[in-house]
Amino acid sequence: MTRYIVRRLLLLIPVLLGMTLISFAVTKAIPTDPIIASISQEASNHPEIVAAYRKAWGLDQPLPVQYFTYVWNLLHGNMGVSIYTHRAVVDDLLDYLPATVELATVTIVFSVVLSIPLGILAAMRRGGMIDFVVRMLTLAGVAMPIFWLALVLLNIFYLRLGWAPAPGRLDYALQPPPTVTRLYIVDSLIAGDPATAWNALSHLALPAFVLATWSVGLLTRMTRASMLSVLPQDFLRAARSKGASEFYVIRRHAAPNATIPVVTVIGLAYGDLLSGALLVETIFGWPGIGRYAFNAAVHVDFPAIIGVALTVGFIYTIVNLAVDVVYALLDPRVRASLTAVRA
Amino acid sequence: MTDAPMAVPAVSLPSRSRLRLLAAAAGRMPNAEMAVGVAIILVWAALIAAAPVIAKFDPLRQQIALRLQPPSAVHLFGTDQLGRDVFARVLYGGRESLPAAVAVVAVGFLVGVSLGSVAGYCRGIVDDVVMRFTDMVLGFPLIVLAMAVAAALGASLAHGIVALAAVWWPPYVRVCRALVLDLSNKEYVVASRAAGRRPAGILFRVILPNALPALLVMAAIDIGRAILSFSILGFLGLGAQPPQPEWGAMVATGATVMDDWWVATCPAMPVLTLAFAFNLIGDSIRDALDPWVGGRRQ
């Protein structure tokens, strides 16, 4: 098992290098001159200003040198300076990423807790009323233009009913908790301040709910399909024939087998939530990485875009690795095949 | 006995075989849900195609005096802040969104199938290079990439299509490669190789025709996802530009006047219903094809 994890970690290196190469190539292939985008039109008419700018950003070097400089800097935790915010991209990411991670994590936990029972229930009542309702609702969830749903819910629950708090991570009157993980809920609990944690959670509720329409749709559909492929199998009939109750058969035999493939999808969905939070973040004024990426894109701020793309890509890759490991731990058959490879 | 069926055919076989055909068609008849999905798509397609006939107003014509009128018999979907008829704008918006979504899927399909079939057929180093490259692209947050490309090229309808197409192809590579790998081992492929057919002939004339139906189904269902993604770019202001009507951009216009709900909601409905319809069709096809989920396994 350890060897499997180490091998997977080593395989990450070429993938990550490849990702830096692709993101670098994208920025170079695009016709827009970041100089024009970041300094004023008037300043770009002065060749000496442009030349000084190019030199400052290393843009006067040949391409391979630019690339190796970039990777070298990355290895030292330097992602360059954002052309738009004039701050180190790493500092920007440290500010914005935790808000997104907090949002995506609450969303995925909520989705999993809701989806797995819902999917199992729908599969058990296949073709019935519950199944139909669940299927239509989850289908609408996957098809939902969430930017519209976000606007509607914000209008109803914040502007009209006043149930939801104002946009942002905390009420204005509250101080952010002392920084430990930069996740407000976790940090305020560490600081022994449940009121602030509760406030952070209440700010999170509506955006997380909107995001979850998609992930609940996806995960419920996956659970249902997976459960349907497990239900007709012989080992369930065997369990029933030995006299086990229906609840026991589902709980101990069907559900564990059905949820294993769903674990993979949970990992993928979490990665998609990190970048898919973009729309929700823009609408709810959530100071997350998606909104940062959007501002960066609009201002053709390539150091920032590459920073976001690489960071999310990196998290995505790590999460998928973790998912594969969990998958192997959960499924005795996969575990056995890994041990067999080692022997 | 042996003569009877030979004698009867002239009269009864045509009608009986027609009956049998009908029964077979009914047996294979896509279930009601697929019919609903197809119906939703056809209705929208018809409305959009007939937009110049149905819509009583010019989608670009502003009548400030009639701004923010609620839906009525004259203005079915009401009017927006500039007094433009939302119904006309929704229909004309479809003339941007639908072809754009089809174009995105078509480009993604062509690029993905080309790379995937070459990777699956050549195997070895070509396969490794193509697949690792695909994996790396898949590792990126695609919406961020698409957004970056769209913004860098300059926001416009055409650049929105390019941006989405640029990130659309990887799933097609993977599925096409898997299909080609699988089909390559079929006896009829081995036979045509033994018969001395050139590799290109085997790939294009023997393997691909057998892989295409599955890939085309995948592409057809994918149009719903493309409509949704395209509206996201439009909402962010990175797709079609005003005053061009486009569904996502129209929702963004309505965002500031949510109390006048119809301005944002009406353009969101075609996105929701179309994406829903394509998914419904996809589900029906999957249900019909999957021996486990379909429950038809003996």
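A: Let us begin with secondary structure. Please note that the model shown is predicted. From the N terminus on, the elements of chain B read α-α-α-α-α-α-α-α-α-α-α-α-α.

Q: How many helices and how many strands does chain B have?

A: There are 13 helices and zero strands in chain B.

Q: Is Asp222(B) buried or exposed?

A: Asp222(B) has a relative accessible area of 9%, and therefore counts as buried. The residue lies in helix α11 of chain B, which spans residues 199-235.

Q: Which residues does Asp222(B) touch, and with which side chain does its own side chain make a polar contact?

A: Leaving aside residues up to four places away in sequence, Asp222(B) touches Val105(B), Trp168(B) and Tyr172(B). Its side chain makes a polar contact, at 2.9 Å, with the side chain of Arg225(B).

Q: How large is the area buried between chain A and chain B?

A: The size of an interface is often given as the accessible area lost when the parts come together. Between chain A and chain B, about 3900 Å² is buried, and carbon and sulfur atoms give 77% of it. In chain A, the residues that lose the most area to chain B are Ile22(A), Phe147(A) and Trp148(A), which together account for 15% of what that side buries. The contact takes 48 residues from chain A and 44 residues from chain B.

Q: How many salt bridges and polar pairs are counted between the two chains?

A: Three salt bridges are counted between chain A and chain B. One of them joins Arg160(A) to Asp259(B), whose closest N and O atoms are 3.1 Å apart. Five residue pairs, both members at pLDDT 80 or more, are in polar contact across the two chains.

Q: Which helix of chain A gives the most to the side that touches chain B?

A: That helix is α13(A), with eight residues. The residues on this side of chain A comprise 36 nonpolar, eight polar and four charged.

Notes: Residues numbered from 1 in each chain as written. Chains lettered and ligands numbered in written order. Predicted model: local features only at pLDDT ≥ 70, side-chain atom pairs only at ≥ 80, totals over all residues. Heavy atoms only, no water. Contact = heavy atoms within 4.5 Å. Buried area = accessible area lost by both parts, 1.4 Å probe. Salt bridge = Lys/Arg side-chain N within 4 Å of Asp/Glu carboxyl O. Polar contact = N/O pair within 3.5 Å; in protein donor to acceptor, adjacent residues only side chain to side chain. Helix = DSSP H or I, 4+ residues; strand = E, 2+ residues; numbered from the N terminus. Nonpolar A, V, L, I, M, F, W, Y, C, P; charged D, E, K, R; others polar. Buried < 20%, exposed > 50% of the residue type's maximum accessible area, 1.4 Å probe, protein only.
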